[in-house]
Amino acid sequence: MNFISSFFMDVLQLIYGIVGNYGWSVVLFTLLVRFVLLPLDIKSKKGMRAMNKVQPKIQALQKKYANDKEKLNMKMQELYKKEKINPMAGCLPMLIQLPVLWFMFSAMRYLANEHTIEMILNLRDGEEVVLQSWLWIKNVFQPDSFSASILPKVGSQLMEIGAVKGTTWLTAENIEAARVFLASEQYASIAASYGATAENFMTIPINLLLFQFHLNIPRSFYALTHYANGLFILPVLAGVSQFLTSKLMNVGSGQQPQQNAQTENNAMNSGFMKWFFPIFSIWICASSNSAFAIYWMAANVIQILQTILVNIYFERKDKQEAQKAMEAP
């Protein structure tokens with residue numbers, strides 16, 4: 001685990017020490033991250049609105065120097081310098097948020113793996129199961145899905161978990177011991193009371209192009225409400241919020257549709273990306289532990305609220321400036 005992911009996990013553990021619940025700790029951690037990134041968001045929105053204001057001048061230059069790309073680039077740079085605009089300002093928050101998302105994913109995966117191994121070995125030693133629940137989710141270290149059981153399934157190989165140096169639980173010996181225990185009759189009897197058995201879930205193999213995966217389906221409504229770890233709510237919320245976020249970043253920034261060759265050439269690509277990220281959000285949150293899905297969903301929701309409030313602020317500011325200009329002699 002890298003330094004930044006380790007730092008994120010330390011901060012999360014600090015919050016957990018105060019809150020006592022990992023689900024709400026992730027929500028508070030997300031609020032903290034979004035607060036730190038707020039100045040960049042404001043700067044980005046300011047730059048995007050400034051770009052929108054000079055669009056008529058940009059289109060005039062594009063029309064005037066349509067056959068001279070070198071001259072056009074030079075005039076565009078002169079315009080940006082005169083108007084004090086950085087055309088890349090709008091990309092800065094995204095360039096920072098993507099690494100933050102990856103580091104958080106790494107931290108959540110490490111934390112989930114550590115708690116899973118700890119829980120399994122504690123069960124082997126006869127200790128009581130202690131689950132970290134959050135709202136409708138029974139175990140935040142398992143996916144929020146009706147196809148995921150509360151505990152790891154009987155016979156699970158834990159293939160995604162690897163040993164990490166300098167840790168208490170994620171050692172090669174502990175991981176192997178956990179794998180052996182998961183295949184034992186002792187674990188089967190424990191897991192049965194939590195529905196992590198074939199009696200409550202039927203497995204359906206699915207072939208998707210070159211990929212094959214297995215989907216667990218609860219055999220009854222009782223199994224769905226009592227043995228399924230989640231209800232697939234977080235992945236859906238992540239996808240919807242991701243779509244709204246993308247929508248607000250374009251509409252809320254004050255940008256108007258531009259009828260030019262570049263817009264026409266990029267229309268197909270923009271349409272693809274508009275749907276790709278929501279679908280990707282659903283997939284990654286459905287296949288990851290619920291703690292990370294909480295972060296993804298909460299980050300999107302908070303960003304939506306921030307975008308709305310920042311846009312309201314700039315719209316009011318623009319109206320005040322326009323009113324002052326009209327009242328000026």
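What follows is a series of stops, each with something to select and a note on what is there.

**Stop 1: the whole chain**

Before selecting anything, keep in mind that this is a predicted model. How do the elements run from the N terminus on? The order is α-α-α-α-α-α-α-β-β-α-α-α-α, so named by running along the chain.

Of the 329 residues, 41% are buried. Contacts tell you about the fold too: among those with a separation of 6 or more, 73% join residues 24 or more positions apart.

**Stop 2: the largest nonpolar core**

Hide the surface and select Val26, Phe29, Met108, Ile117, Trp134 and Tyr295. These are the residues that touch the most other members of the largest nonpolar core, which has 52 residues. Several elements give two or more residues to this core, among them helix 1 (3-19), helix 2 (22-53), helix 5 (92-124) and helix 11 (290-327). Which element gives the largest share? Colour helix 5 to see it: 14 residues of the core come from there.

**Stop 3: the surroundings of Trp134**

Leaving aside residues up to four places away in sequence, Trp134 touches Asn21, Gly23, Trp24, Val27, Val140, Leu234, Ile294 and Met297.

Next, select Ile58, Leu61, Met76 and Ile85. They are included in a second, separate core of 10 residues.

**Stop 4**

Bring the surface back and select Ile18, Val19, Trp24, Leu28, Leu31 and Leu135. Together they make a nonpolar surface patch of about 590 Å². Helix 1 and helix 2 each supply at least two of its residues, and helix 2 gives the most, with three.

Pick out Leu28, which lies in helix 2.

Then move to Leu135, another residue of the patch. Leu135 sits in the loop between helix 5 and helix 6, and it counts as exposed because its relative accessibility is 56%.

**Stop 5: two residues with positive phi**

Keep Leu135 selected and look at its backbone. Most residues other than glycine have a negative phi. Leu135 has a positive value, near 50°.

For another case, select Phe232. Phe232 is not a glycine, yet its phi is positive, at about 65°. You will find Phe232 in the loop between helix 8 (221-226) and helix 9. With a relative accessible area of 23%, Phe232 is partly exposed.

**Stop 6: Ser288 in its loop**

Select Ser288, in the loop between helix 10 and helix 11. Why does Ser288 count as buried? Its relative accessibility is 6%, and buried means under 20%.

Zoom in on the side chain. A polar atom of the Ser288 side chain lies 2.6 Å from the backbone oxygen of Ile284. Ser288 also touches Phe105 and Pro143, not counting residues up to four places away in sequence.

**Stop 7**

Two selections remain. Begin with Ser44, in helix 2. Ser44 is buried, with a relative accessible area of 4%. Use the distance tool between the C-alpha atoms of Ser44 and Asn86: the separation is 9.6 Å, while the two residues are 42 residues apart along the chain.

Finish with Gln186, in helix 7. At 39% relative accessibility, Gln186 counts as partly exposed. Which residues does Gln186 touch, not counting those up to four places away in sequence? They are Leu123, Arg124 and Phe181. Draw a line from C-alpha to C-alpha between Gln186 and Leu123: they are 9.3 Å apart in space and 63 residues apart in sequence.

Key:
Residues numbered from 1 in each chain as written. Predicted model: local features only at pLDDT ≥ 70, side-chain atom pairs only at ≥ 80, totals over all residues. Heavy atoms only, no water. Core = buried A, V, L, I, M, F, W, Y, C linked by side-chain atoms within 4.5 Å. Buried < 20%, exposed > 50% of the residue type's maximum accessible area, 1.4 Å probe, protein only. Helix = DSSP H or I, 4+ residues; strand = E, 2+ residues; numbered from the N terminus. Contact = heavy atoms within 4.5 Å. Patch = residues over 30% accessible without salt bridge, like charges linked within 9 Å, V, L, I, M, F, W, Y side chains within 5 Å. Areas by Shrake-Rupley, 256 points an atom, 1.4 Å probe, with all protein chains shown as cover. Salt bridge = Lys/Arg side-chain N within 4 Å of Asp/Glu carboxyl O. Polar contact = N/O pair within 3.5 Å; in protein donor to acceptor, adjacent residues only side chain to side chain.
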